[in-house]
There are 2 protein chains.
Amino acid sequence: MTTVAELLQPVESDLEDLLSNLRVLIGAGHPILQAAAEHLFSAGGKRLRPGIVLLLSRALSPNGELGPRHRRLAEITEMIHTASLVHDDVVDEADTRRGVATVHSRFSHRVAVLAGDFLFAQSSWHLANLDNLEVVKLLSRVIMDLAEGEIRQGLYRFDTGQSLDSYLDKSYRKTASLMANSAKAAGVLSDLPTTELKSLYEFGRLLGLAFQVVDDILDFTADDAQLGKPAASDLASGTLTAPVIYAMEEFPALSGLIEREFNEAGDLEQALALVHQSKGIARSRELAEKFSHEARACLDFLAPSEAKSALLDLPGFVLSRLY
Amino acid sequence: MTTVAELLQPVESDLEDLLSNLRVLIGAGHPILQAAAEHLFSAGGKRLRPGIVLLLSRALSPNGELGPRHRRLAEITEMIHTASLVHDDVVDEADTRRGVATVHSRFSHRVAVLAGDFLFAQSSWHLANLDNLEVVKLLSRVIMDLAEGEIRQGLYRFDTGQSLDSYLDKSYRKTASLMANSAKAAGVLSDLPTTELKSLYEFGRLLGLAFQVVDDILDFTADDAQLGKPAASDLASGTLTAPVIYAMEEFPALSGLIEREFNEAGDLEQALALVHQSKGIARSRELAEKFSHEARACLDFLAPSEAKSALLDLPGFVLSRLY
């Protein structure tokens with residue numbers, strides 16, 4: 001199985017530059033933020049989001065080179081993503097993320113709120129200074145989607161009336177919007193025509209949805225160590241994802257357990273057993289496969305390059321996490 | 001003594017429209033945010049910031065009318081201000097603001113972080129859709145200044161080495177930047193020449209600094225009921241403002257009390273007595289008077305109008321809170 005690092009190899013040194021730039025941009029002059037920035041940007045996250053922007057930017061460049069505006073766009077993408085993670089961890093009261101202590105548990109609520117705000121503020125500022133109004137609109141839409149997605153996730157907790165569509169809408173806002181709009185923004189900075197911009201947007205959207213569905217399957221099939229958090233923690237906290245939404249169609253009893261918020265002994269175990277007995281996980285896998293397949297097709301217009309090959313491998317890589 | 005409501009009378013109905021617009025924009029479709037929005041936009045805050053934008057916009061308009069883009073700018077100004085208050089209250093762990101429960105104490109940390117993020121996100125989005133890159137830059141600078149100001153306030157806590165300049169720099173970021181840049185942005189939307197834009201910026205900057213110095217004096221001279229919070233709470237929490245910085249020059253013993261963070265019985269009372277014995281409050285008042293006086297002079301270029309008269313009364317009004 002390929003690793004993310006192998007996939008992102010064509011932009012490996014670009015990503016290293018990006019991380020050291022981000023540490024300087026964020027930490028400068030503020031000892032506590034600097035510690036938070038070290039913590040955030042050294043923890044060895046996957047850097048998938050800026051990686052996609054960098055790969056696309058190289059694939060779109062006639063000579064394969066990367067301009068300063070595309071680099072800055074990748075940095076902004078990672079800033080926005082990191083800011084939203086830091087605040088989501090406060091909102092969800094998560095103590096760890098991928099096995100690493102969250103900013104608010106390592107430092108405090110205070111530092112986490114400030115660090116997130118500072119990252120959002122920096123991203124807005126650098127965004128404006130890309131001097132491209134369309135890019136500003138695309139990325140400020142992302143910031144709004146992230147806030148709305150987190151709010152909806154809270155509203156839909158234990159809500160068995162939600163449909164697959166509302167789940168996908170929430171997943172778009174929380175995960176796919178950033179990939180879709182940053183991919184399109186890379187194209188805008190490369191002066192692509194509208195049809196190709198649409199393809200880039202669709203690539204990011206479909207890849208993001210595949211990524212989220214796979215994540216939601218893994219919550220049921222992987223163990224604590226693989227996830228870096230307790231397995232089935234989504235269901236336990238009332239966040240209903242694709243496998244559960246499909247399973248509820250098959251076993252209406254599951255809805256009852258969820259509606260009473262697993263408040264009787266054995267409820268959660270019984271609910272988990274029903275999800276595993278159902279076709280929910282298999283159907284979710286088919287859904288992720290469909291998204292991945294469609295994502296690949298969006299890149300047909302790109303000229304062959306090392307970066308394009310890596311991009312074409314991404315949707316398959318996302319699925320490979322399931323096997 | 002004039003009230004804010006009297007001063008803002010020329011834009012009273014504009015401000016009512018703005019508030020009902022904000023309630024709709026923020027609350028739509030999210031029951032909890034709607035409750036938070038009601039709480040935030042009905043609490044009868046002074047609305048000084050959007051009021052200044054609206055007065056300037058009317059003063060700059062040849063026929064005294066207000067266009068939709070100037071209205072939107074005023075809304076964005078209030079969104080950014082409110083978002084920063086909500087997050088500052090989380091960071092400062094304040095339970096009340098002007099006697100009213102804060103969002104995080106009335107609802108939860110979760111809702112306060114989400115509501116602030118949502119307001120910042122909405123402001124970025126509406127900002128981008130004003131379709132003016134210069135305005136985007138001015139207001140995203142404000143968002144960055146607000147985050148930096150709050151961080152510096154935390155860093156400088158109990159730091160007796162700070163100068164009047166670093167205090168003014170922090171005050172600019174926390175208070176004056178929003179007034180300065182939103183005033184300038186109103187001018188940008190009215191296509192003013194550079195020298196007049198600079199005057200608008202200076203008007204907002206000087207008014208904002210006067211406002212902050214007056215606030216910091218009132219923390220020592222007003223009582224709990226007038227402030228809506230315990231008097232001298234800035235000093236108690238280690239936030240050193242103009243009166244204290246001047247008083248430390250006169251009475252070096254004050255620095256010692258601050259450096260040991262008032263950890264012996266009677267320290268805080270003794271520190272307060274030294275501030276009151278010193279010329280700190282009188283010198284701070286002179287500083288605020290100087291800023292107010294200079295602010296008025298920035299508006300010389302405006303043609304006479306009801307809105308201009310109100311704007312000219314603002315700096316004096318800010319000072320009148322001291323008497």
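Visitor: What should I know about the model and its numbering?

Guide: The model is predicted, with local features needing pLDDT of at least 70 and side-chain atom pairs counting only at pLDDT 80 or more, while totals for chains, interfaces and linings use all residues. Residues are numbered from 1 along each chain as written, chains are lettered from A, and side-chain values use heavy atoms, without hydrogens and water.

Visitor: How many aromatic pairs are there over all chains?

Guide: There are 2. Rings of Phe, Tyr and Trp (its six-membered ring) pair if their centres lie within 6.5 Å; planes under 30 degrees apart are stacked, over 60 edge-to-face, and the rest tilted.

Visitor: Why is the pair of F158(A) and F262(A) called edge-to-face?

Guide: Their ring centres are 6.0 Å apart and their planes stand at 65 degrees, so the pair is edge-to-face.

Visitor: What makes this pair a tie between parts of chain A?

Guide: F158(A) sits in the loop between α8 (133-155) and α9 (164-189), and F262(A) in the loop between α14 (252-259) and α15 (267-277), so parts 104 residues apart in sequence are tied together. Helices here are DSSP runs (H or I, at least four residues), numbered from the N terminus.

Visitor: Why does F158(B) count as buried?

Guide: Its relative accessibility is 16%, so F158(B) counts as buried (under 20% relative accessible area; exposed is over 50%, partly exposed in between, with a 1.4 Å probe and protein chains only). F262(B), at 13%, counts as buried too.

Conventions. Helix = DSSP H or I, 4+ residues; strand = E, 2+ residues; numbered from the N terminus.
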